[in-house]
Amino acid sequence: MELIGALLFLLSVMLIIGVLTTKFSSKLGLPALILFLLGGMILNQFIYFDNVQITQFIGTLALIIILFDGGTQTKWGRIRPILGPASSLATVGVLITSFATGIAAMYILDFSLLEGLLLGAIVGSTDAAAVFSVLGNKNFNKRLTSTLEAESGSNDPMAVFLTVMLIEMIQIPETSIWIAFGGFFLQMGLGLILGMALGKITVFVINKINLDISGLYPVLAMGAAVFTYAVTDSLGGSGLLAVYVMAVFVGNSDLTHRFSILRFNEGFAWMMQIVMFTLLGLLVFPKQLTDVLWEGILIAIILMFIARPIAVFISMVFMKYDLKQKLFISWAGLKGAVPIVLATYPVIAGLENSNLIFNTVFFVVLISALIQGSTLSWLAEKLRLTEAEEDGNASIELINLGNTDSEIMKISIPKNSPAVGITLIDLKLPDDTLIIGINRNKKLMTPTGTSILAKGDTVFVLSDKENRKAAKLALLGSNEETEMYT
């Protein structure tokens with residue numbers, strides 16, 4: 001019981017300090033993950049922890065939850081136009097970054113070619129947890145934000161594939177690289193197909209099932225995300241890609257209890273970030289980092305200033321992004337949990353220089369998150385890539401009313417809505433459909449027949465489920481947003 005009590009005390013301290021440091025980190029302009037990692041490094045002075053398998057398991061689970069949270073909050077209307085650039089960055093970009101960094105690591109650390117490329121592959125991808133947390137509350141250019149979020153959500157398969165392939169080639173030199181690349185396309189294809197299919201099933205189940213306890217809907221959604229990863233991974237596909245695709249589909253669909261699901265996801269994702277980064281910090285001792293101090297700094301500099309920019313400019317050579325935008329995307333290649341979790345793969349595989357690889361990767365991630373993460377806002381302002389906060393974007397939330405045929409829709413009115421400037425009495429809503437509240441400028445108004453809707457209003461609509469589509473058409477029109485939520 002003393003051990004259980006000590007572990008529970010440790011967990012509580014991790015969570016409380018983790019939550020408090022998020023406020024502290026935002027004031028300093030630092031990514032919260034830096035403080036979580038440093039907290040873990042401090043704790044390992046008092047607690048000995050070296051279970052790489054448990055850390056890898058918790059890290060993978062955390063990545064699933066973080067990707068699900070980020071995907072559900074990603075607007076399809078924003079990422080659809082940038083799928084080409086994001087896909088190129090997630091594949092060609094990761095490949096070039098890994099190769100350039102790997103060649104540098106081979107000479108700097110006196111590695112073999114395959115060992116150098118392995119380290120490059122591990123740090124080759126951007127990290128969804130880091131990118132979502134840094135970009136989430138900033139007014140960066142929305143096109144750039146969408147590009148970076150889509151890249152970070154979909155580039156893990158290439159990094160995982162390269163890492164696993166190179167470990168296998170080191171252990172079994174006869175491994176065919178062409179067969180391995182065939183496996184990569186299989187992973188990507190299965191990830192996309194199963195992610196979309198399981199996303200549709202998840203939306204159908206959540207909307208059709210009537211649970212007696214509303215708090216179980218977020219649990220059901222989270223269980224579906226973990227299930228998506230497990231099924232896809234067991235079939236040889238990319239589980240992380242499947243989770244992201246599934247989450248984007250779920251987040252852009254009519255969804256009962258959307259608000260509670262998204263809020264639960266957000267809180268749970270932060271909790272998993274705290275636990276994951278703290279555990280990853282526990283695996284590293286400051287003294288071990290000093291052994292790779294200069295090597296880690298040099299590799300990080302090459303990664304940030306040479307490898308990543310080269311990869312961005314080559315993979316986006318035919319894309320409609322100007323020089324300033326490409327520079328910003330180059331600098332926003334944040335590293336985080338994914339590289340550190342991938343760095344546990346060589347340790348578990350028992351490779352000769354696995355500890356050196358892990359410590360170097362950890363040091364590179366610290367430098368990347370510290371320098372790039374803390375200067376991203378400054379760079380965006382210098383390049384004039386910030387913009388005013390948008391309002392009036394179409395969004396819909398369904399509030400289920402239990403065992404009835406009615407529901408309340410919470411709808412944000414966009415600027416191109418046909419309802420803008422129209423009095424409620426003249427608004428052509430279906431029968432038995434009422435607007436019961438209007439939220440304007442953070443003030444809730446009681447609607448009357450003479451109330452006039454304005455862009456940016458949030459309206460609460462009481463309607464039968466069968467009238468949902470007609471009510472949305474009246475308030476949103478037949479634009480892309482309406483079709484997306486139908």
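A crossing of two helices is left-handed if the near helix is turned anticlockwise from the far one by less than a right angle, and right-handed if the turn is clockwise. In the predicted model described here, the crossing of α6 and α18 is right-handed. The axes of α6 and α18 lie 10 Å apart, and the two helices pack at an angle of about 35 degrees. From α6, the residues L118, L119 and I122 take part in the contact, and from α18 the residues I357, T360 and V361. Five residues of this contact between α6 and α18 are nonpolar and one is polar, while no charged residue takes part.

On the side of α11 the contact involves A221, A224, A225, T228, Y229, T232 and D233, which meet G239, L240, A242, V243 and M246 of α12. The residues in the contact of α11 with α12 comprise eight nonpolar, three polar and one charged.

Confidence was examined along the protein chain. The mean pLDDT of the chain is 82, with 88% of its residues at 70 or more. Among the elements, the highest mean pLDDT, 94, belongs to helix α6 (residues 113–122), and the lowest, 44, to helix α20 (residues 480–484). The pLDDT is below 50 over residues 479–486, a stretch that has 23 contacts in the model beyond near neighbours in sequence. Helix α6, with the highest mean pLDDT among the elements, is also a partner in the packing with α18 described above.

Two or more lining residues come from each of α4 (76–79), α5 (83–108), α8 (142–154), α10 (177–208), α12 and α19 (468–476). Helix α10 makes the greatest contribution to the lining of this pocket, with seven residues. By class, the lining of the second largest pocket has 18 nonpolar, nine polar and seven charged residues.

A search of the whole structure gives one cavity of 30 Å³ or more. The space in the largest cavity amounts to about 30 Å³. The residues that line this cavity are L303, M304, R308, S330, G333, K335, S368 and Q372. Helices α15 (293–315) and α18 (354–382) are the elements that each supply two or more residues to the lining. The largest share comes from α15, with three residues. Four of the residues lining the largest cavity are polar, two are nonpolar and two are charged. Helix α18 contributes to the cavity lining and packs with α6.

Technical notes: Residues numbered from 1 in each chain as written. Predicted model: local features only at pLDDT ≥ 70, side-chain atom pairs only at ≥ 80, totals over all residues. Heavy atoms only, no water. pLDDT = per-residue confidence, 0-100. Helix = DSSP H or I, 4+ residues; strand = E, 2+ residues; numbered from the N terminus. Contact = heavy atoms within 4.5 Å. 1 Å grid on protein atoms, 1.4 Å probe; cavity = no way out; pocket = protein on both sides within 12 Å on 5 of 7 lines; lining within 4 Å. Points joined across faces, edges and corners; volume = space filled by probe spheres on them. Nonpolar A, V, L, I, M, F, W, Y, C, P; charged D, E, K, R; others polar. Axes fitted to C-alpha atoms, helices over the stretch in contact; angles between N-to-C directions.
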